[in-house]
Amino acid sequence: MKKIQAILLSLASLTVVSTLFISCFRFKSDYLASLPNFDWTQLNNGGDGTSYAYSYDGSQNTVGDVNSVELNEVNPDNISKFLDYSKVNTGYQYYKSIQKQAVTGVPLSKNYSFNGNKYSDYGIDYNSRTFMYKNSILDWTPNDDIDAKYLQPTVEEISKAVKVANYGEYHQDKNINFNLLSDPTIQHRSYVSNGVGAYNVYEKSILNWQSIDSYVNWGGSWFEGMVEIPNVGLTEQAHKNGKPIYGTIFMSGYNGLTRDMLRDFIKRDSSGNYLIVDKLIEMADYYGFEGYFINNESNGGKPNGSVLDYNVLFEICRQFNEKVAASKNKHTQKLELVYYNSYATLAKNSTGEYKNNETYQASKTGAVNSDGTRNPVKITLDFGSTTESNDLFLREHANYNGKSNYISTIVDVDYRNQMPGSFDYRTLTYPLSKDQEHEIDETRPYLYSSFTDFAGGEYTKYAQAIHESSKELQSRIKSSDLSEQVKSYLYLQQINNLFQNIMYSGTNGHIGDDKGLEAQTLYTLQNAKYNLDYILLDPRIKDKYDAAKYADKETSEMYQKAKSLIYEPNAAKNGYKNSYGISSLVVPTTVIQDEDGANEKLNFSTNFSTGNGVNLYNVDIEGNQHSSNVDGNYYPWTNTRLADILPTYQWNIYEGNTSNYGTADINNTVQQVGVDKLSGYYDYNNVYKKGNSISLGGGFDKDGAVVNGVWTPGKTYNWEIMGTNLATNNHMVSFVYKTNTSEENDPDVSLIVGKSPQGAGALGEEKLDTNVSEIKTTKTVEKNGWTRITADLSEVSGVSTTNRISKIGLAIKPKNADFKISVGEMTVDKVLENKSTESALLTNAASEYVIKRSEADLQKYNIRFKWDVDDADKVKYYEIYYYNPDKKIWVNVGETTNNLYFLKELIANSSNKLRIGILPYNQDDIAEKLFTFNVNV
Amino acid sequence: MQLTQRFKKVNQQVFNKENLNFNNFSSFLVLIFKQNFRNIRTYIFCLFIPIVLFAFCVYIWNLFYADYYLTPPLIIAFSMCGYIFSSIYISIQVYELKIQNFFSRIKVLGISKITIILSYYILSLILSFLVFLIAILGLFVFAKIRNASSLLTITNLKWFVWIEVIMAYGFIIFASLLLFLTFSMVIKKRAYAYLLIFTYGIYALVFSEIILIPEITNISTVLVVLSFFSFFKYCTWVIFILSSYMNFDYWGFTQLFVKNYNNVFVSFWSVWVPISIMLLLSLTFLTLLLAKMRFSDKY
């Protein structure tokens with residue numbers, strides 16, 4: 001007995017003592033401190049992919065000859081080896097984002113998870129916090145998130161864009177809308193991109209905003225964050241082009257979403273208001289985008305409510321729409337939701353009930369107006385939905401009448417090879433006629449349907465295919481020689497650009513009377529691994545990597561099939577049969593319009609920048625060009641904040657007889673130029689300003705350089721560049737161009753203007769344009785070797801609100817057969833003669849964080865910094881410079897439109913200072929002063 | 001009562017064996033084991049009902065309220081409901097034996113108070129841990145088969161926490177038995193004794209945050225205050241703190257407030273407060289019990 005008592009007492013004592021002992025310990029994590037340095041040279045881990053950072057080999061300043069103004073000395077608020085998340089907050093971060101951001105401090109693009117982060121994402125794997133979250137979306141405020149300010153667009157207002165005056169181009173239909181739903185980056189993850197750009201030219205640039213009615217920044221996942229905020233550069237680009245851009249709320253039970261992950265999505269206050277609604281509105285307002293695409297696949301094929309009851313979601317949508325409708329805030333008033341659920345359809349079954357009640361219920365979540373009517377809701381139907389299936393719904397719901405952009409069907413261009421340039425989109429937008437043709441049904445005009453292109457990987461897959469498979473290309477990319485890396489990536493970028501344009505223009509590079517293929521036919525071109533076939537087949541890609549290796553492919557069945565279906569020439573049009581692009585169907589829009597006033601001066605200019613380049617150029621008002629291309633060095637960059645308005649009719653090139661030029665006959669005798677001879681390209685090696693020009697050439701080589709085209713001397717080539725909608729002619733237009741011919745062979749270049757009745761051209765009518773004519777121009781050769789050609793549109797007579805200027809472009813009359821012409825700038829009403837704007841004054845440099853890392857006996861510094869500007873409107877953009885202490889020169893290391901920036905892997909001078917310079921360009925492209933400051937590290 | 005009669009019957013069987021030494025702890029233990037484990041009511045009241053209650057709690061909180069996770073402290077708390085049932089069951093049994101002068105008879109044979117208390121403690125220990133084991137293992141197997149991640153959270157507990165929890169639970173069972181045995185010994189009239197035992201038992205179940213999770217108790221200040229009158233609340237919180245790792249990192253309290261941990265009332269931040277209170281009260285009960293423990297109902 002006593003033994004038992006003794007044992008029990010001993011156990012009790014032991015419990016108390018051991019508990020006391022164990023409780024003395026505290027959890028501790030050194031995860032963030034233990035993270036390795038981030039390798040920016042690796043593209044596939046979210047790095048830039050090049051070795052540009054601190055590898056500048058030149059011996060001269062890239063800043064040029066400007067005066068400098070010394071600002072205050074900066075003492076950073078924080079200096080540490082890693083970003084201490086207990087001191088600063090960057091909102092929700094995917095764990096890979098943390099691994100990148102913790103050791104660099106880089107501000108990353110945003111996804112938000114409803115519940116927030118698990119502590120283990122930050123390496124705090126305490127069992128006490130296993131079920132605990134931080135950074136719930138409901139806790140987010142921009143003031144607490146030090147990344148948020150980096151991701152705010154500087155172009156908040158959406159420019160006014162209208163349909164071009166002549167929207168009767170072949171099958172173009174003003175009732176058809178196209179919404180692009182696309183990943184913003186090549187690598188599809190938010191941790192890849194940031195608010196400050198990258199040291200690489202290779203990225204997914206969006207090049208055809210003229211044919212895009214809205215852009216859905218597709219992305220998000222249960223692990224990366226369900227709410228994806230649009231890429232800030234794309235937001236700016238969309239707004240410049242007059243288009244709304246939407247974030248994504250991605251909820252998919254098919255891909256891992258579970259009920260517990262929606263805790264803070266469905267949280268309500270005591271009045272029944274869903275808290276997420278206010279937060280979504282706040283985010284859209286702060287980040288300046290226009291709403292959300294809701295991908296509701298929450299239940300993943302399981303019964304409703306398994307993960308999320310759709311009635312809960314619809315209540316959230318309804319509250320969102322009602323708050324937006326009742327808001328006094330101008331931006332909030334514009335917010336929209338676009339709804340999609342799996343198997344979404346508005347078709348009825350034989351008993352008269354809607355086949356998918358979920359979709360139908362979604363249509364009733366719009367705000368109710370004071371007159372009792374309900375606003376329609378934008379709905380995207382499932383893949384393959386036909387216009388006929390919506391017929392009864394549209395007849396029964398008057399609030400959808402005339403809202404052609406509200407019901408969309410969807411197509412996945414990534415699904416089958418060459419869908420981008422051959423798929424007949426009319427099969428999605430028009431009902432089948434009695435003749436089994438997809439044609440307009442005039443009796444049911446409301447059946448015209450918009451379509452959404454689920455272009456997740458789409459055109460980038462071709463570049464990815466060659467990137468992954470070519471040993472030759474890979475060895476160049478892995479070279480320690482930056483120029484080899486840059487040229488290789490430029491080649492990939494050109495492939496990206498080419499296949500993206502094919503998606504809009506078709507494989508033949510023209511919009512016209514094309515006929516594409518139905519999906520079933522394209523399905524026979526089965527597998528993604530045959531993407532290389534198209535690289536081999538396309539004549540615009542002049543040099544093929546690993547040509548010998550891939551020569552065998554030319555005998556393959558798939559190669560031959562792709563050739564016969566897609567790339568067999570069509571004799572009538574010098575193009576390829578079965579070519580069809582989105583722009584063949586959608587009327588393009590333009591921001592060159594004067595609908596707001598007859599005497600309005602547009603002050604429009606574009607350098608056709610795609611927001612990237614291999615060097616950064618500028619030309620001041622006196623014609624002096626300066627660039628980062630000193631000593632032949634490269635500065636590879638991507639920052640879509642700097643992107644411009646791109647050509648409307650990108651590569652519509654016609655050739656005709658000179659004798660007919662300037663007469664009405666021109667329209668009857670010209671024909672399209674075969675892309676094997678001449679086509680349009682973004683030219684990154686021949687630049688006037690920013691990172692590229694547009695060139696007419698014959699293709700591009702292994703270095704991504706545009707090669708000369710094949711011209712026919714004596715003919716006139718009409719290059720229709722920009723669509724317009726001008727009701728008045730009191731505008732001045734200029735282009736800046738350059739050719740690579742000898743002086744005696746320099747072609748005659750003149751300016752052409754298309755004039756047409758507003759909305760000219762009936763659908764299906766085959767004609768090129770109305771009344772394209774040459775007008776009187778003046779030419780000035782600038783110091784930099786480029787030529788400015790200027791014309792006064794008042795030369796064009798008969799311009800009125802009913803008869804408008806619809807196109808502006810160039811006519812080129814070659815004297816030899818082998819050259820290329822580049823256009824570096826277009827302006828409308830831009831004052832070019834005098835310095836007309838002031839330069840900005842910068843003050844108060846500051847740094848909120850410096851991350852200090854050791855690497856191979858070197859201390860490298862990553863710095864977040866900002867400055868004040870007296871008037872942000874004075875600044876077109878900033879270039880950022882770093883004073884290299886070893887070479888004692890200023891080196892170009894960044895560019896932005898925002899007054900804050902991040903630089904990586906800098907080395908301090910012997911006094912432990914980083915020396916940074918900011919060069920603001922004013923609206924006349926003049927950079928008068930380099931504002932410099934030292935940062936004590 | 002049938003229970004008493006059955007007990008008598010077992011007693012007679014044991015007493016009639018001449019070779020048994022009743023001044024012996026193990027013999028008394030065997031006696032009450034036979035008395036209980038041959039009785040179907042023991043299984044119903046001390047095993048079946050607590051396990052059903054556990055399953056009900058898991059179902060309700062996982063499906064209708066929590067929606068998200070059932071965290072380990074909550075699961076452990078549900079699985080601990082068995083000790084209250086076994087304490088009630090034993091205290092009723094002891095009361096019946098007391099009024100039948102059973103203890104007076106065995107006192108003659110030299111069975112001490114301590115022997116009686118320890119023997120019943122071991123019985124309660126076995127019954128309570130059986131519930132605990134069946135509940136935890138059953139839930140684990142069920143969650144594995146159904147791949148229910150929200151129920152597999154129990155894997156968050158490290159081995160040393162299991163040892164802590166098991167040892168603490170062992171003590172809690174002892175403390176609980178002391179309390180209810182005190183009721184049995186102190187109260188004279190059967191009706192009052194039964195009323196007190198059952199009333200406090202139910203009160204303990206409801207207000208000790210064993211089956212009502214802390215988030216529910218937090219809804220009302222009244223509920224919070226009432227909970228402090230339950231001795232078992234302190235026991236529960238010892239388990240809560242140990243199994244949520246609050247003794248290592250105070251943020252462990254978020255495991256007790258899954259849905260919302262902002263602006264909640266946390267009863268104890270340190271494990272030593274409820275342990276101290278529990279020890280103090282247990283000592284009081286033990287003292288009271290030993291003082292008031294009579295071997296007959298004739299005071």
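**Exercise 1. Find which backbone nitrogen the side chain of Ser628(A) reaches, and decide whether Ser628(A) is buried or exposed.**

Step 1: The side chain of Ser628(A) reaches the backbone nitrogen of Leu616(A) at 2.9 Å. A polar contact is a pair of N or O atoms within 3.5 Å; within protein, one must be able to donate a hydrogen and the other to accept it, and residues adjacent in sequence count only if both atoms are side-chain atoms.

Step 2: This is a predicted model, where local features need pLDDT of at least 70, side-chain atom pairs count only at pLDDT 80 or more, and totals for chains, interfaces and linings use all residues. Residues are numbered from 1 along each chain as its sequence is written, chains are lettered from A and ligands numbered from 1 in the order in which they are written, and side-chain values use heavy atoms, with hydrogens and water left out.

Step 3: With a relative accessible area of 3%, Ser628(A) is buried (buried is under 20%, exposed over 50%, partly exposed in between, with a 1.4 Å probe and protein chains only).

**Exercise 2. Compare Lys690(A) with Ala856(A): is each buried or exposed?**

Step 1: Look at the backbone. Lys690(A) has a positive phi of about 60° although it is not a glycine. Ala856(A), also not a glycine, has a positive phi near 50°.

Step 2: Now check accessibility. Lys690(A) is buried, at a relative accessible area of 6%, whereas Ala856(A) is exposed, at 71%.
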